[in-house]
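Okay, everyone, thanks for coming. Let me put the thing on the screen and then walk you through a few spots.

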Amino acid sequence: MNYIRKPGKPVLFLAAVFCFLNFSGGMLRAQDNPGLDGAVSPDVPVLSLPDVSEEVRAVENQNIAAPPPPLPPLPIPEAPPLPAAREISIPDTAYRTEAMIDTQVRPELGETFSEASIGGALWSGVTANISIYRPGQTPSYSLIFSHESLDGFGFHEMGEGYSDRKTGIQGRIRGNSGVSQWSLGASFSDESNGLQGKSTDFYGIGHRYFTLEANYARPLGALGFRAGLSGGSASLSLERSRSLFSGETQSHELSAVPVLALEWTGNRLAVGAETDFSFMGLVNDPDGVETDDRFAYILGGKLYGNFEYSPALSFGASVGFASSQDIAVLVPFSLHVSAGVLDRLSFSLTGGLKSEQRSLAEEWRINPFLDVGPVLSNDSRWFTDLALEVFLVQDLTLHLDAGWAMSYSGGGRILPLAPAETSSRRLYTYGSEEYTSFNTDISLRKWFGPVFLSLGWSAEWMDLPVYGQPFRIYGQAEYRDQRERFGAALSVGADFDFSEFDLPYFDVSGFYRISRGVRIIAEVADIAAAFQRDERTLLAPYLGRGFQAGLRIQFSL
């Protein structure tokens with residue numbers, strides 16, 4: 001059995017903790033209140049007060065607690081909820097911005113505001129982000145653009161293929177029409193990775209992703225109706241051939257997942273029926289892929305129910321049927337319970353049998369160096385998932401996530417095979433394998449006023465992970481000045497197995513506010529790689545970015 005393991009070096013791992021940010025502030029407002037019509041009655045004596053405006057301006061701002069009077073609850077019209085939102089994939093850079101929504105200077109929901117940042121970094125790095133939001137009102141929307149590029153990372157020269165680039169745009173809008181609710185979202189991203197001189201046929205590999213999602217919900221008498229459609233396309237393109245070569249250079253996957261559902265909701269009970277259909281297919285007819293391996297599907301449906309015994313205890317169950325090209329008939333089901341105990345402990349436990357459609361788009365995002373190949377088989381498996389949260393003492397919590405899975409007949413996970421040294425393409429090929437996994441992630445989180453600390457350990461206890469080491473320890477420390485003048489953060493981590501440690505990660509970032517709505521942000525990543533001049537392996541034989549340092553300026557409008 002072949003597994004892709006990142007080569008590691010024994011290293012003495014040193015974790016330190018630093019600080020980061022949180023926004024707080026105070027504002028004092030004074031407002032005149034002359035009279036109902038703004039005029040002064042002649043029968044009322046006029047009092048002349050001394051001008052104390054200068055003294056008021058000199059008083060330091062204070063937070064004033066003014067609780068509102070109790071109000072009767074407003075009636076809310078019954079309407080079915082929208083389907084659970086699916087994550088729209090956009091480049092990672094769109095989420096790396098340090099921007100915080102400044103609710104203190106925007107007291108009314110519905111106001112449109114924006115954030116923008118631009119910066120530079122080592123290795124000819126360029127970053128840019130623009131975000132526009134309008135929350136709270138109907139319609140509400142968001143629009144995000146991001147770009148990030150590097151050329152020459154890992155102490156290599158520009159033009160040698162040690163480069164990557166990500167550019168993306170995402171938009172989402174949500175609203176209602178009477179008792180109906182609707183939402184629409186879309187995203188597009190363009191990404192490329194240099195092949196670092198490893199391939200004699202190509203300089204780089206590029207991917208483009210497009211996703212579209214639409215949801216609609218409305219009541220139908222005593223029932224609630226939901227409809228949704230998510231779809232997309234993903235393409236792979238091998239770029240700029242260096243010499244004559246043979247084989248495919250492109251792959252293009254289309255996907256579609258429509259959903260129809262009816263649901264009845266009572267006081268504590270909700271029951272419903274939902275379709276379950278998904279399709280993945282290659283549309284460019286690559287010569288190296290058999291016809292039967294160019295598409296995959298799941299067709300079925302399910303019945304489900306949820307019962308809330310009390311605000312602290314609820315149960316759920318579902319059962320259905322499914323058919324795919326791998327398994328003619330499958331009866332997926334699940335059981336679910338969630339509970340809270342004495343305000344000290346909460347947990348959620350789910351288990352059953354399920355079948356999921358896997359896409360090449362998901363795998364390309366994890367490993368961009370996969371070669372052209374067939375669509376992936378369905379992942380049918382037995383599973384159990386546990387999420388536990390324990391409130392030990394004030395501001396100290398323990399989090400535990402655990403999951404067990406075992407392949408059901410005909411299902412499996414992707415099995416990437418490392419590039420052969422004799423191959424001129426030097427790209428990963430892949431197949432499928434059955435597996436049994438048991439993973440845990442445990443962490444402690446503590447707040448000390450403006451300081452946040454966390455320490456965790458994640459592990460794979462049965463079959464080895466497809467990529468990387470089976471164990472990882474990690475930590476984080478953040479500090480934010482209460483008036484948002486400055487802040488800093490530190491994150492550390494190391495992957496290892498029972499015989500060796502990989503080179504640890506050590507990242508630091510910080511910000512300083514130079515004026516209202518303007519901040520300078522500094523980021524330094526993978527410091528350990530810089531001091532040891534060691535190369536960070538991403539997916540052997542390809543290197544990761546390694547040491548990075550950058551500076552950017554951010555505007556909040």
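So, isoleucine 130: it counts as partly exposed because its relative accessibility is 44%, where buried means under 20% relative accessible area, exposed over 50%, and partly exposed in between, with a 1.4 Å probe and protein chains only. Isoleucine 130 lies in strand β2; strands are DSSP runs of E, at least two residues, numbered from the N terminus.

Keep in mind that this is a predicted model, where local features need pLDDT of at least 70, side-chain atom pairs count only at pLDDT 80 or more, and totals for chains, interfaces and linings use all residues. Residues are numbered from 1 along each chain as its sequence is written, and side-chain values use heavy atoms, leaving out hydrogens and water.

Now, which strands each supply at least two residues of the nonpolar patch? They're β2 (125-134), β3 (140-151), β5 (180-194) and β6 (202-220), with the largest share, 3 residues, coming from β3.

Next, the backbone. Most residues other than glycine have a negative phi, and most peptide bonds are trans. Aspartate 343, not a glycine, has a positive phi of about 55°. It sits in the loop between β12 (333-341) and β13 (345-356), and at 75% relative accessibility it counts as exposed.

Arginine 426 also has a positive phi, near 50°, in the loop between β16 (413-417) and β17 (429-433). Is that one buried or exposed? Buried, because its relative accessibility is 14%.

Last stop: a cis peptide bond joins alanine 540 and proline 541, with omega about 10°. Proline 541 is in the loop between β24 (537-539) and β25 (542-543).

Conventions. Helix = DSSP H or I, 4+ residues; strand = E, 2+ residues; numbered from the N terminus.
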